[in-house]
Amino acid sequence: MKIAIVCYPTFGGSGVVATELGIALAKLNHEVHFITYKQPVRLNLLNPNIHFHEVSVPTYPLFHYQPYELALSSKLVDTIKKYKIDVLHVHYAIPHAYAGYMAKKMLEEEGIYVPMVTTLHGTDITLVGNHPFYKPAVTFSINKSDIVTSVSQSLKDDTLRLFDIKNNIEVVPNFIDASQRKTSFTDCQRELMATPEERIVTHISNFRAVKRITDVVDIFYNIQKKIPAKLLMVGEGPERKPAEERCKELGIKDKVVFFGNSNEIDKILCFSDLFLLPSERESFGLAALEAMVNKVAVISSNAGGIPEVNNHGVSGYMSDVGDVRDMSENSIKILENDDRLETFKENAYKEAMKFDISNIIPLYIKMYESALAAV
Ligand code: GMT
């Protein structure tokens, strides 16, 4: 099949999932065309089945806002025609499903019919899409998609509750490719980060308010009072500076490393013991799953789709959003005992394997085939 994938090319989970999906499809000999404004961060173009088409938006002084949707839908029309694309798969409803629908309609004028699969990722529904300024357009483009998928049951429930949706939503969970995650012994340089007796606690996100970064710092503050530990903070975003300030205030600056964005999270996770994800909302929590496949136990909130990923008492523990005390106590419980820590780490890996790509890719392929059959 020839599949066009539209996504955000950044470090966010939706872009990561779209990129990993495209790479996996290309390995199965499908021809994959990524269409977005920048080469996705995890994409390398060495596979001959992978193509990247950049959407450029020329700036013009009249426009206060540059019309990205217009440029994207035009690029979609050109690419779908030129490469005879069979299926269009858009990740993140805003504005991708909207632009995709416009492209579909333009192509139909020329007698070309391309089914569109829309995957909802979370903030496109729960935070941004639900805003009254966007809601009618988001509802319309979900309803006009040929197939709609959501990354968790929780996100499906939220979508049906918040929007007037007429079509079916299939839950296709996010995934990890365990075979890609063999970090070599030499890559896993724990000694660069911590002394042998220190535990390593990690957080990875886009440092937005929804991630409750202050809770991450406060939980770690409580941990390090009882257990020698380091905190590794990976990612960029508006809450990074306030978090650095808070570490200074609490006197733990020398125990916390801020890395910024990284393409090498497996190298960081391979020597991590505990992953913190105290988010206010989370449709799935891909970062937690990536930690788990690297044998890292997870302390998280129980928001949104996290309970579908982090198995309470098995791969880690969950607490109510904002319950820093409970999260701290659970962290200490896991970290204070070598055997218990080892059990949680092994369990985390086993739980993550339920989301191995080999279980998920066939679901997408089946969906593409049924969308094509309906054309
Ligand atoms: O976490 C973010 O804020 C980024 C966002 C995105 O769109 O990339 O992540 C969302 O999609 C991920 C991949 O499906 C999910 O794992 C995240 O849980 C979800 N984030 C939220 O719902 C806040």
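Me: A residue counts as near a molecule or strand if its C-beta atom, placed from the backbone, lies within 6 Å of it. How many residues surround the ligand?

Reply: This is a predicted model, in which local features need pLDDT of at least 70 and side-chain atom pairs count only at pLDDT 80 or more, while totals for chains, interfaces and linings use all residues. Residues are numbered from 1 along each chain as its sequence is written. The closest residues to the ligand are Gly-12, Gly-13, Ser-14, Gly-122 and Leu-286, and the number of residues that surround the ligand is 20.

Me: Which element gives the largest share of the shell around the ligand?

Reply: Helices (H or I, at least four residues) and strands (E, at least two) are DSSP runs, numbered from the N terminus. Two or more residues of the shell come from each of helix 1 (13-27) and helix 4 (123-126). The largest share, 3 residues, is that of helix 1.

Me: How many residues of the shell around the ligand are charged?

Reply: Ala, Val, Leu, Ile, Met, Phe, Trp, Tyr, Cys and Pro count as nonpolar, Asp, Glu, Lys and Arg as charged, and the others, Gly among them, as polar. On that basis the shell divides into 6 nonpolar and 11 polar residues, and the number of charged ones is 3.

Me: Are helix 7 and helix 8 roughly parallel or roughly antiparallel to each other?

Reply: With axes as lines fitted to C-alpha atoms over the stretch in contact, and angles running from 0 to 180 degrees between N-to-C directions, helix 7 (residues 213-226) and helix 8 (residues 240-250) come within 9 Å and cross at roughly 25°. Angles under 35 degrees count as roughly parallel, over 145 as roughly antiparallel, 65 to 115 as roughly perpendicular and the rest as oblique. Helix 7 and helix 8 are therefore roughly parallel.

Me: What is the phi of Asn-29?

Reply: Asn-29 sits in the loop between helix 1 and strand 2 (31-36). Most residues other than glycine have a negative phi. Asn-29 has a positive phi, near 75°.
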